[in-house]
Amino acid sequence: MLALVFLVTTAEAQRIEGRLVHVRDADTIEIASSRGRIAVRLNGVDSPELNERGGRAGKEWVERTYRGKMMSCILNGQRSYDRWVGICHDPNGNDIGAAIIAAGHGRDCPRYSGGRYRKFETNKSRDIPLKPYCRAR
């Protein structure tokens, strides 16, 4: 019985829902949830940093498209600096990582995505240099 309670608690701890309140860059967002403000690094998405070509445009696109909207994120339990790593969906159930890549503001990061987002890449997104840490091992 104790193991069952632990599994349920762990599963609940991995899912967060809340409003997108801040965009750090195209692959890092902040969600205001019942547990407080949580930074989420979008798993498997590689977007330019703010000081790189296209970085500010990507951030602005995510802000225009998603800021203030409710999000549902599944966190995988890993952290990257001060951020939890996860996959987030908009109110319609759309994966926002896929949308960012399809809009040309990010790339599939196969080392972490397993190639999940490759089909969403466009010519514009493929112009973004792939960071070395994204290369599959």
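1. A search of the whole structure turns up 2 disulfides, a disulfide being a pair of cysteine sulfur atoms within 2.5 Å. Before the details, a friendly reminder that this is a predicted model, where local features need pLDDT of at least 70, side-chain atom pairs count only at pLDDT 80 or more, and totals for chains, interfaces and linings use all residues. Residues are numbered from 1 along each chain as its sequence is written, and side-chain values use heavy atoms, with hydrogens and water left out.

2. One link joins cysteine 73 to cysteine 88, with 2.1 Å between the sulfur atoms. The angle about its S-S bond is 110°, and the link is right-handed. This pair ties together distant parts of the chain, 15 residues apart: cysteine 73 sits in strand β5 (residues 70-80) and cysteine 88 in strand β6 (residues 83-89). Helices (H or I, at least four residues) and strands (E, at least two) are DSSP runs, numbered from the N terminus.

3. Are these two cysteines buried or exposed? Cysteine 73 is buried, at a relative accessible area of 0%, and cysteine 88 is buried at 1%. Here buried means under 20% relative accessible area, exposed over 50%, and partly exposed in between (1.4 Å probe, protein chains only).

4. The other link pairs cysteine 109 with cysteine 134, their sulfur atoms 2.0 Å apart. With -100° about the S-S bond, it is left-handed. Cysteine 109 lies in the loop between β7 (107-108) and α4 (110-113), while cysteine 134 belongs to the segment after α5 (123-126); the two are 25 residues apart. Cysteine 109 is buried, with a relative accessible area of 1%, and cysteine 134 is buried at 0%. Counting the bonded cysteines in sequence order, the pairing reads 1-2, 3-4.

5. Helix α2 (residues 55-66) passes a simple length check: its 12 residues should span 16 Å at 1.5 Å a residue, and its end C-alpha atoms are 17 Å apart, which agrees. The expected span is 1.5 Å times one less than the number of residues.

6. In α2, Gly55, Gly58, Lys59, Trp61, Val62 and Tyr66 are buried. They lie on the same side of α2 because they cover an arc of only 160° around the axis, taken from the directions from the helix axis to the C-beta atoms. These buried residues pack against β1 (15-25), β2 (28-33), β5 and α3 (96-102), with contact meaning heavy atoms within 4.5 Å.

7. Two glycines also deserve a mention. Just after α2, glycine 68 takes a positive phi of about 85°. Glycine 114 is found in the loop between α4 and α5 and is exposed, at 70% relative accessibility.
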